[in-house]
Amino acid sequence: MLQTTLLTSAWSAYKYLNQYLFGISKLKSISDQLDITLAFGSVSDVYDDKDHEDIRQSLQTTCDEAGIKLHFYRGDKSENFYQTINLLIAQTIGFTENYSTYNLDDLVFGDNLLARIKTLETSQVTYSDFICTNDVIKAYDAYKSGDLLKYAGIFCKHEETWSDVDMSNKEKYYKEFRWSCFTTVKAATFARIGVFDETYKSAGDFDFINRCIFHSIKPVKTPGVAGLFLAVGEGISTKPNSPGIMEGYKTLERYIGNKHPVATFYNRKHLWRNL
């Protein structure tokens with residue numbers, strides 16, 4: 001059976017925990033085809049031992065019902081997002097073949113997750129299009145009823161990512177690739193080129209994709225929709241003062257020395273404001 005580990009770094013998890021648990025429960029539909037481990041890092045500067053244990057127990061109950069293994073890690077409040085993710089990778093890398101990021105305030109589509117893992121049988125990194133919205137209540141209700149794709153055009157924005165990467169023109173790809181929050185990677189790729197750069201607070205996924213291209217590892221697009229990205233204006237990458245924009249400039253400068261990148265990060269900055 002194919003294997004994957006879902007990576008979640010959660011800061012003060014309670015606010016979005018119920019919808020996250022519902023999303024995890026929906027993965028039961030593919031648990032007979034995919035051996036899934038949920039690697040969950042719980043970090044907070046206000047939670048006590050009981051809070052973290054309550055979160056762990058809620059996750060364990062949902063994972064047991066969905067046929068998913070749980071790896072729970074209580075992180076230190078001094079850790080940033082990518083430090084926690086990297087620790088989860090270090091703790092699980094000997095026990096899994098593939099990884100996929102899964103943010104606490106997002107919702108993943110199981111059929112596409114399975115398709116992405118199948119893509120990794122012949123590639124090292126894959127991604128898919130996704131839906132973006134800032135209407136959390138309406139999106140969540142539509143997700144629960146199974147109508148999210150039907151109503152996506154009304155209240156969600158569907159982000160098109162690159163479907164054909166020309167490895168002979170890496171600079172064009174660096175400039176124009178539109179990030180995906182559901183990047184899926186073979187464990188061997190992390191072992192080859194390293195994990196996420198912990199100097200980033202928001203754009204470490206974008207930096208990792210660029211590093212793949214730098215090492216001539218071609219990201220392959222899996223058809224379909226990966227899931228729902230909630231641009232709620234409160235997350236690390238969606239709040240008004242998000243460091244993600246400047247960090248995007250930083251990674252482009254790192255790989256192509258371009259101090260004036262094109263619209264990619266402008267679009268990212270204004271995406272949730274224009275919905």
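A salt bridge is taken here as a side-chain nitrogen of Lys or Arg within 4 Å of a carboxyl oxygen of Asp or Glu. By this criterion, K69 and D35 form a salt bridge, their closest N and O atoms lying 2.5 Å apart. The model is a predicted one, in which local features need pLDDT of at least 70 and side-chain atom pairs count only at pLDDT 80 or more, while totals for chains, interfaces and linings use all residues. Residues are numbered from 1 along each chain as its sequence is written, and side-chain values use heavy atoms, with hydrogens and water left out.

The structure holds 6 salt bridges. Helices (H or I, at least four residues) and strands (E, at least two) are DSSP runs, numbered from the N terminus. K69 is partly exposed at 45% relative accessibility, and D35 is partly exposed at 22%. In these terms, buried means under 20% relative accessible area, exposed means over 50%, and partly exposed lies in between (1.4 Å probe, protein chains only).

D49 counts as exposed, with 54% relative accessibility, whereas R74 is partly exposed at 39%.

Another salt bridge joins K221 to D129, with 3.1 Å between the closest N and O atoms. K221 is in strand β9 (residues 219-230) and D129 in strand β6 (residues 125-133), so the pair ties together parts that are 92 residues apart in sequence. D129 is buried, at 5% relative accessibility.

Attention now turns to strand β1 (residues 2-11), which contains T5. This threonine, T5, is buried at 2% relative accessibility. The side chain of T5 makes a polar contact with the side chain of T96 at 3.0 Å. A polar contact is a pair of N or O atoms within 3.5 Å; within protein, one must be able to donate a hydrogen and the other to accept it, and residues adjacent in sequence count only if both atoms are side-chain atoms. Apart from neighbours within four places in sequence, T5 is in contact (heavy atoms within 4.5 Å) with T37, A39, T92, T96, N98, Y99 and S100.

S12, in the loop between β1 and α1 (14-25), has a positive phi of about 50° although it is not a glycine. S12 is partly exposed, with a relative accessible area of 22%. S216, in the loop between α9 (204-214) and β9, has a positive phi near 60° and is likewise a residue other than glycine.
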